[in-house]
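Take a look at the sequence and the model before reading on.

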Amino acid sequence: MKVLNLLSDKKYLSGKNLAEALSISRAAVHKQINTLKRNGYVIESSPKGYKLCAKDDVLSEQELLLAVKKPLGIFKKLLYYKKINSTQTKLKTIADAVAREGVIVCADVQTGGYGRMKREWSSSNGGLWFSMLLKPALRPDEVSKLALIISLALNRVFKQKYGVKTNIKWPNDILFKGRKASGILVDMSAEQDIVNWVVAGIGINVNNVLPKELKNISVSLGEILNKFVGRAQLLAQFLCVFDEIYAAFKKSGFKIFVKEYNDNIVFINESIKIDTGFDIIEGVNLGIDGDGKLILKTPKGLEKITAGTVVKG
Ligand code: BTN
């Protein structure tokens, strides 16, 4: 139990009462109050004691733990930054030194956020920008499956937890009525047949105001629901859902997710073009197979594609 839990009733509590309730010193209470203030909580101090006045949209580890009602198997630690170049870059630089998976780096603002193909990723205040460290026992060529199940987890969160009818655009964009609400980026370090680590970067437009040039192609969850959406709550929902999916993936493999994925992708059975970086392949989208590859029916026969971008729907 921490000071924040006791203050969440938004009533005045004296330093003495807090210290007694938590069996800690008043200096320790004071220290926790200062940390909370640094993390964006507005706490009033008066002769009556401390009172939590506002809880903007704080994305702290405490807030995350308050939001989850059950233990988070995968989650280990949340490293929060007000402003950072990129959560992805940050986590990649420390990934070798971190022994266990489940560490998350998040930030309110990214000044150098990037997406797939190193494209700039607009990351202003109000969005949920985070990177998660995973250490799966996979071969490097299987890591793309991980990106697919992360998109499935996000799609479930949007649908089941927020009632928003999203779809997946292969491989892992989350779309609402054709506009992008979330993107996923997966970086890895691997040798031969072994994956050392995977850093999954997830960007979700939540309460952020999208720049003019993105307005037609992107959308935020707040805009869809027409209300403010708490980011810690959203991250907690994602972690709960991903935890379940990741455990099932480890136990039973990828094949169990194929139907759900194909039921949720856009442009199924439609003619699409994929830019693989080497080639543009055109064909009818038959969905993914049990290896997570996208199958296109082309005039030359079936083509299986591991990576690429859909350039035309
Ligand atoms: C894409 O759709 O191209 C993927 C976008 C991934 C953006 C996230 S935001 C958190 C993490 N940090 C980054 O710099 N990128 C990812």
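Helices (H or I, at least four residues) and strands (E, at least two) are DSSP runs, numbered from the N terminus. This is a predicted model: local features need pLDDT of at least 70, side-chain atom pairs count only at pLDDT 80 or more, and totals for chains, interfaces and linings use all residues. Residues are numbered from 1 along each chain as its sequence is written.

Q: How many helices and strands does the protein chain have?
A: Both kinds of element are present in the protein chain. The count is 9 helices and 14 strands.

Q: Which domains does the domain assignment give?
A: The bounds come from an automatic or database domain assignment. The C-alpha centres of domain 1 and domain 2 lie 32 Å apart. The assignment gives domain 1 (3-55), domain 2 (61-262) and domain 3 (267-312).

Q: What is the radius of gyration of the protein chain?
A: This value is taken over C-alpha atoms, and the globule rule is 2.2 Å times the number of residues to the power 0.38. For 313 residues, a compact globule would have a value near 20 Å. The protein chain agrees with that, at 21 Å.

Q: Is Q110 buried or exposed?
A: UniProt lists Q110 under "binding site" in an unreviewed entry; such annotations may be inferred rather than shown by experiment. Q110 sits in strand β4 (residues 103-110). A residue is buried if 20 or more other C-beta atoms, placed from the backbone, lie within 10 Å of its own, exposed if 12 or fewer, and partly exposed in between. Q110 has 26 such atoms within 10 Å, so Q110 is buried.

Q: How does K180 count, with its C-beta neighbours inside 10 Å?
A: K180 is also listed for "binding site" in the unreviewed UniProt entry, and is found in strand β8 (residues 179-191). K180 has 19 C-beta neighbours inside 10 Å, so K180 counts as partly exposed.

Q: Which residues come nearest to the ligand?
A: A residue is near a molecule if its C-beta atom, placed from the backbone, lies within 6 Å of it. There are 21 residues around the ligand. Those that come nearest are S86, G115, G183, G201 and G203.

Q: Which elements give two or more residues to the shell around the ligand?
A: The shell draws on a helix and on strands. These elements are α5 (87-94), β5 (128-134), β8 and β9 (194-204).
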